[in-house]
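Hello,

Here is the structure I promised to pass on. My notes follow below it.

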Amino acid sequence: MNSYVSLSDKYLTAQGLITAVVELAQSRGVALHKLLRGTGIFEQDLLSVEHCFSLEQQVKLLSQFKRLMNTPDSGFLLGSQLVNDSSSAAQSVLFSAKLGAALLQIQRARLQLCPLFFSQHYVSNQQFYIFLNAATGLDDDLHNYILEIYSAAFYSLLKRLSPHYPQCEFDFSFKRPRHIHQYEQHLGLKLRFEQPTTRWVISKTLLRQANPYASELRFMQARAQLAVKSHEKYTFIEAVWRYLHTYNEASLEQTAQYFAMSPATFKRKLKSHNMRFSSLVDEQNKHKAIYLLTLRAKCNEHVAERLAFYDIPNFRRAFKRWTGLTPSQLKV
Amino acid sequence: MRFNPFISHRLLTNSIIAMALLAIFLCAYLGELKELQHIQWLDIIGEGGIVIMTLTWIVALLISRPPGKVTRYLVLGLGLFMFSATLDLLDEWLMQPAQQWLSWIESLPAPVGMLLTSLGLYHWHQEQYVLNKQLRRREAHLREHDKVCPVTGVYTAEYLQSVLNTQLKAPQPVLLAAIDIRDFASFNNEFGFSEGDRLLREISELILMNCRLSDVVCRYAGDCFMVLMPATSKQQGQELLRQITAALKHCAFKVEGSGLAKFQCVTTHIIQAQKSDTAHMLMQQLHSGLQLQKQQRATSSEQLC
C-alpha cells in the first residue's frame, strides 16, 4: 500500500506558497496578524526551518489571503510569484533540461508544489493534455481561486522556460467570471468556460523545447535534496482516485479494506476532505468517458462497455448527469 | 490608507479620552446613587445609544482622516457633544445636587460642540472643492470607490466597459488604445511588488498627463492600461499613443534603495470601434493585437527598444 498525506498532516515547509502569500500580502499593506488569524500558523513558525504546516492550514491561509487582498488580480499575482520560489522542489523544476522534464519534476514534487490539485497527463493529436482534479472538497469560490493561482503559476512557468511566446489553452468548468479581463491578461486569450472538465492544453512540441535556464548540476543537486525529504507520494483523495482508476468497480467496502480502514472510518476520512465516495466514483467515470470520447475518439458503445454500463441509453443518461451534455454533443 | 488615532492624532485622541473621563469623574464625585426603582431604563437606552454612536463617529473620523483643521473641528465638536451626552446618561444613575454651575456644564458644551462641528463641515466643504479639482482628471464622470483600481487610482476595466458601451451608441468614432508595459513581470521579480505597484502608479500618472480631458484611462489588468478616446480620428489617436510611448521611454523611474533609473518600453495597439461591436469584443480584439505583437517580437527576438 502506498503512503499518503491527509489534510491535517503537517509536512509542508514555509517555503513556496506560504512565503509567497505572506510576502505579497505584506507588500500590499495587509497586517501579518490579520492574515494568520484562524489559520493556526504563528509568526515564529514562518521563520523556523523545522516547522511544518498542513494542507488544511494552507487552504485556510489562502482563503484569508483572498478575503484580505480583495482585488480581482491577487490570485494571478500570487501564481506568477510562485515561479520565483527558492525551495529545492521548485529549483529542480526550474533547472530541468526541457519543459517536458520540468513538468515531470512538478509531478514528482507535487505534494510540495501543488498539493491542492492532482493531474492526469495525456498526449494526443500533437497536443499535451493536463486534466485537473481537486485534492480536497472546496467551496466554489475558493476552488476557482486556487485554480487561478495554479493556472497563473503554470503559465508563468511556460513563459519562463520557453524562449518563444508560448500558447496554452485553459478550460474551466465554472461560468465566465466577472473579472474575465484578469484571466485574459494573465493567461492569454485561449480561455473556455463551462467546460465538462478542467484542463490545460499545450502543443506537444513545447515539451521538447530546451530550457534557457537549464543546468544539469543544479538540477541533480536539487533532486538529491528532495529525495532525502519526501516519503509520501499522494494526497489521500488522489490515492483513492488512483485505486478507483485501477479497480473500476471497487465498492466502498473494498476500497476501505485496501486503505486498511473500516468502511465507517473510511467514510469519515472522506468526509473530513469534504468528499463523498459516490461523487469520487462519478468523477472517475466522467473523466474516463471524456478521455475515451474526445482524446481516443471511441464510440459510445465502446465507452459504455469499458465503464461497465448495462446499455447505451443508461450510459447516455449518466453522462448527461455528469456533464450536462450528451456524448455526441461533447464530440462536436 | 488608514490612520492610527494614537499616532497620527495623539492630541485629539487624548483630549477625547480626557473629556470622557472628566464627565465620569464629575458625576461620580458629586452625585449620589439613585435607588433602583427610580432608574428609568428607557432613558438609559436612548441616551446611552447617543453616546455610543457619537463615539463611533469620532473613531471613524480619526481613523479615516489625516490630521488638519477639518478633522480637529469635527472631532472636538463631536467630543463636546459626547461630553454633554455622557453627563446626561450618568444622571440616570446618579442624583446630582441642584447647583447652578453644574447645570451650565451639562447643557453648554453640546451647543458649542454643534457649532464647532458645523464650522468643521464648512471647512470640509472648502477642502472637498479643492480635492475635486485635484481629482478631476481621475474621476471625470463619477465617484465610486469600487470602480477605481486601489493600486493606481485610475478606473478599472469594468468601468471602462460601461463607458464604452454608452460611447458605442454615440455617432462619433470611438478609439480604444491599449498600452502594455514590456517585461513588467521581471521588474516585479527584481525589485518586489511594492516597487512594482509604485511604478504602475507613476505610469498611470504619466499616461493621464498625456491624455486629453475627454479621454478615459483605465488599468485593464496587470501591466496593461487602456485609453478610451471619444470623437477622435485614427491619426490623432496614433499621435497621442506616440506621445505616451515617448513620455514613458524618457521617464527615468528611480527604484527605491537601488539607485537605478529604469526606463519603460511599451507595446501599444489601437483600434477603431465599429457600431456592431460590444465592449468586451473590442477589448478582446485589442488584446489579441497586443499578443500578436509580443509573439512576433519573441520569434524575431530583435530588440526594438
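Please keep in mind that this is a predicted model.

Next, the contact between the chains. Chain B puts in 20 residues and chain A puts in 15 residues. On the chain B side, four elements each give at least two residues: α8 (184-191), α9 (193-210), β5 (216-221) and α11 (279-300). The largest share is from α11(B), with nine residues. What is the make-up of the side of chain B that touches chain A, by nonpolar, polar and charged residues? There are nine nonpolar residues, ten polar and one charged.

Now the cores. The largest nonpolar core holds 78 residues. Val21(A), Phe117(A), Tyr150(A) and Ala153(A) have the most contacts inside this core. Helix α9 of chain A (residues 140-161) supplies the largest share of the core, eleven residues. Where does this core sit relative to domain 1 (4-229) and domain 2 (247-331) of chain A? Both domains give residues to the core, so the core lies between them.

Leaving out residues up to four places away in sequence, Val21(A) touches Leu61(A), Leu62(A), Phe65(A) and Leu78(A).

There is also a second, separate core of 41 residues. Among its members are Ile207(B), Val227(B), Leu240(B) and Ile244(B).

Best wishes

How values were computed. Residues are numbered from 1 along each chain as its sequence is written. Chains are lettered from A and ligands numbered from 1 in the order in which they are written. This is a predicted model: local features need pLDDT of at least 70, side-chain atom pairs count only at pLDDT 80 or more; totals for chains, interfaces and linings use all residues. Two residues are in contact if their C-beta atoms, placed from the backbone, lie within 7 Å. Ala, Val, Leu, Ile, Met, Phe, Trp, Tyr, Cys and Pro count as nonpolar, Asp, Glu, Lys and Arg as charged, and the others, Gly among them, as polar. A nonpolar core is a set of buried Ala, Val, Leu, Ile, Met, Phe, Trp, Tyr and Cys residues joined through C-beta atoms within 7 Å. A residue is buried if 20 or more other C-beta atoms lie within 10 Å of its own, exposed if 12 or fewer, and partly exposed in between; C-beta atoms are placed from the backbone. Domain bounds come from an automatic or database domain assignment.
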